[in-house]
Every structure is written in C-alpha cells, then in structure tokens.
Amino acid sequence: MWVPDIITLYLNVVLIDLALALILFIFWKSHKTYFGYISWMVSLPVFVGTYSLFLFRGIIPDLVSIVIANTTLIVAYILRNDSIWKFFENKGFDRRLNSFLVICSFIFLFYFTYIDNVIIARTLFISVMISICGIIGCIPLIKKKNNENRLLRLCFVVLLIGLSVVYGIHAIDWIFSPGSQSLFEPNIILLIFYLYIILMDIFTTGLFIMLNMSRYQSELKISNEKITKSDEELRIQYDKLVKSEEKLRESEEKYRNVVTWANDGIILIQGGV
C-alpha cells in the first residue's frame with residue numbers, strides 16, 4: 001500500500017495554504033469582511049513560509065530551519081488566535097502577551113538547538129505552546145452565549161481541541177519512540193499528524209469564511225428589517241398627511257362657501273337698502 005512521505009505532505013501543506021490564502025484574498029476583495037479577517041489571511045502565508053523552511057532542514061542553517069521556522073509556526077497560530085478574538089470580541093488578544101510568547105519561543109528554541117541540542121525538549125515546548133494557542137482561541141468561541149453561529153463555533157472548538165490532542169500525541173510518540181525523532185521518516189503517527197494539519201487548515205479557513213458570510217447575512221437581515229420598519233412608518237406618515245390634506249381641502253371648501261354666502265348676503269342687503 002502506498003503511503004505518502006512527509007516531504008509530499010509538506011508540499012501539500014504549502015500548496016493548500018497558498019490556495020487558501022488566494023481564496024481569502026479574492027473573497028476580501030469582492031465581499032465585505034470583518035475585524036480579524038486580515039489576521040487569518042496573513043497567517044496562511046506565514047504557514048507557507050514555515051513549512052518551506054522545514055523542507056530545507058539539513059540544507060540551510062539550523063537557525064533558519066529550526067529556530068526561526070518553529071518560531072514563525074507559533075506566530076502563525078498566534079495570528080489565528082488574534083483573528084478569532086478580533087472577530088468575536090472586537091479586540092485582539094493581549095499584544096504584550098503575544099510578544100512575550102514569541103520572544104520566549106525564540107530563546108527556548110535557540111537554547112535547545114545550539115546550547116543543548118535536545119529535539120524532545122523542542123517538540124514538547126512547541127506542543128505546549130500550540131496547545132496554549134488552541135485553548136486561547138477557544139475562549140471567545142465558548143464565551144459567545146447566543147444561538148448565532150453556534151454550530152460553526154462548536155466545529156471551530158472541536159478542531160482547535162483536536163489540534164492540541166494531535167500535537168500531544170505527536171510529542172508523546174517522539175518521547176517513547178526514539179527512532180521516530182525525524183521530520184522525514186514515514187512514521188504513521190507523523191503522517192496522521194500532518195494529514196490532520198492539512199484538513200484543519202482547510203476546514204478552519206472554510207469555517208472562518210462562513211462566519212464572515214453569516215455575520216453579513218445577519219447584518220443584511222437587520223438592515224432589511226429597519227428599512228421595512230422605516231417604510232411602514234413613512235406609509236403611516238403619508239396616510240396621516242393625506243388625511244390632513246383632505247381635511248384641509250374640506251375646510252377650504254367650507255371657508256369658500258361661507259365667503260360666497262357672505263358676499264351674496266351683503267349684496268342682497270345692499271340691494272334691499
């Protein structure tokens with residue numbers, strides 16, 4: 001049975017994320033989008049850059065292919081969290097905490113690459129950091145109490161929790177299987193891990209587009225209701241104006257009759273005199 005190798009999956013991640021970035025760009029240019037959309041769109045090219053650097057592991061310096069690549073991977077997930085927070089909370093996640101996480105990631109990865117080269121420590125650290133990102137991303141999705149987009153939000157939460165789970169399994173596999181500590185070995189756990197990453201990128205990006213469309217539809221519905229209400233109010237005011245005009249016309253007619261009768265009376269009186 002043919003089993004795809006890791007390099008093929010890396011290339012799939014790069015090509016799929018490039019395609020998703022292009023789709024988001026076209027959607028951004030042709031539709032109304034909301035606060036946080038740009039952050040999600042930017043995260044996709046960051047993923048592309050990260051997995052492109054992974055492909056050159058052993059060819060380019062470790063500073064680039066390990067330290068910078070894994071740091072940008074964490075940055076990409078932070079961007080997605082920031083996007084979710086902006087969309088649902090109308091504010092980004094704490095910038096100082098985001099910056100702190102990025103700086104700590106770079107220092108930690110640099111230390112366990114050049115000072116004490118321990119691949120398991122790096123793997124555990126990355127798994128913990130991305131699990132933290134997943135939990136942070138779930139907070140605004142769970143906090144939202146209304147029924148709007150509940151199914152979409154639930155799917156998002158499941159995918160984010162699944163991300164933490166697969167990263168955890170990946171780390172445990174590397175701890176207890178010393179022979180599997182390579183990015184390019186055709187390990188079944190690693191294959192499942194990257195297949196999940198690919199599927200998650202596709203589904204979460206699709207869900208984010210659907211969330212934008214759903215919000216737009218909700219706003220459009222509210223606008224239509226306001227227009228309908230305004231139209232009804234205008235119709236009521238118009239009816240009142242028509243009735244007032246009719247009453248005014250009746251008053252003018254009565255006034256004209258009174259004046260005519262009065263003039264006739266004056267002429268009769270004068271004629272009699």
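Tutor: A cavity is a set of grid points where a 1.4 Å probe fits but cannot get out. Its volume is the space filled by probe spheres set on the points. Please keep in mind that this is a predicted model.

Student: How many cavities of 30 Å³ or more does a search of the whole structure find?

Tutor: The search finds two cavities of that size.

Student: What volume does the second largest cavity have?

Tutor: The second largest cavity holds about 70 Å³ of space.

Student: Which residues line the second largest cavity?

Tutor: Its lining consists of Trp40, Tyr77, Arg80, Asn81, Ile84, Ile130, Cys133, Gly134, Leu160, Leu163 and Met200. By class, eight of these are nonpolar, two are polar and one is charged.

Student: Let us turn to the largest pocket. What is its volume?

Tutor: The volume of the largest pocket is about 180 Å³. Val75, Ile78, Leu79, Asp82, Lys86, Gly92, Phe93, Arg95, Asn98, Ser99 and Val102 form its lining.

Student: Which helix gives the most to that lining?

Tutor: Helix 3 does, with five residues. Helix 3 and helix 4 each contribute at least two.

Student: How does the lining of the largest pocket divide by residue class?

Tutor: Five residues are nonpolar, three are polar and three are charged.

Student: Now the packing. At what angle do helix 4 and helix 5 pack?

Tutor: Helix 4 (residues 95-115) packs on helix 5 (residues 119-143) at about 165°, and the axes are 9 Å apart. Angles over 145 degrees count as roughly antiparallel, so helix 4 is roughly antiparallel to helix 5.

Student: Is the crossing left-handed or right-handed?

Tutor: Helix 4 passes helix 5 in a left-handed crossing.

Student: Which residues meet in that contact?

Tutor: From helix 4, the contact takes in Leu101, Cys104, Ser105, Phe108, Leu109, Phe112 and Thr113. From helix 5, the partners are Ala121, Arg122, Phe125, Ile126 and Met129.

Student: How do the residues of this contact divide into nonpolar, polar and charged?

Tutor: Nine residues of the contact are nonpolar, two are polar and one is charged.

How values were computed:
Residues are numbered from 1 along each chain as its sequence is written. This is a predicted model: local features need pLDDT of at least 70, side-chain atom pairs count only at pLDDT 80 or more; totals for chains, interfaces and linings use all residues. Side-chain values use heavy atoms; hydrogens and water are left out. Axes are lines fitted to C-alpha atoms, for helices over the stretch in contact, and angles run from 0 to 180 degrees between N-to-C directions. Helices (H or I, at least four residues) and strands (E, at least two) are DSSP runs, numbered from the N terminus. Angles under 35 degrees count as roughly parallel, over 145 as roughly antiparallel, 65 to 115 as roughly perpendicular and the rest as oblique. A crossing is left-handed if the near helix is turned anticlockwise from the far one by less than a right angle, and right-handed if clockwise. Contact means heavy atoms within 4.5 Å. Ala, Val, Leu, Ile, Met, Phe, Trp, Tyr, Cys and Pro count as nonpolar, Asp, Glu, Lys and Arg as charged, and the others, Gly among them, as polar. On a 1 Å grid over the protein atoms alone, a cavity is a set of points where a 1.4 Å probe fits but cannot get out, and a pocket is an open set with protein on both sides within 12 Å along at least five of seven lines; lining residues have an atom within 4 Å of a point.
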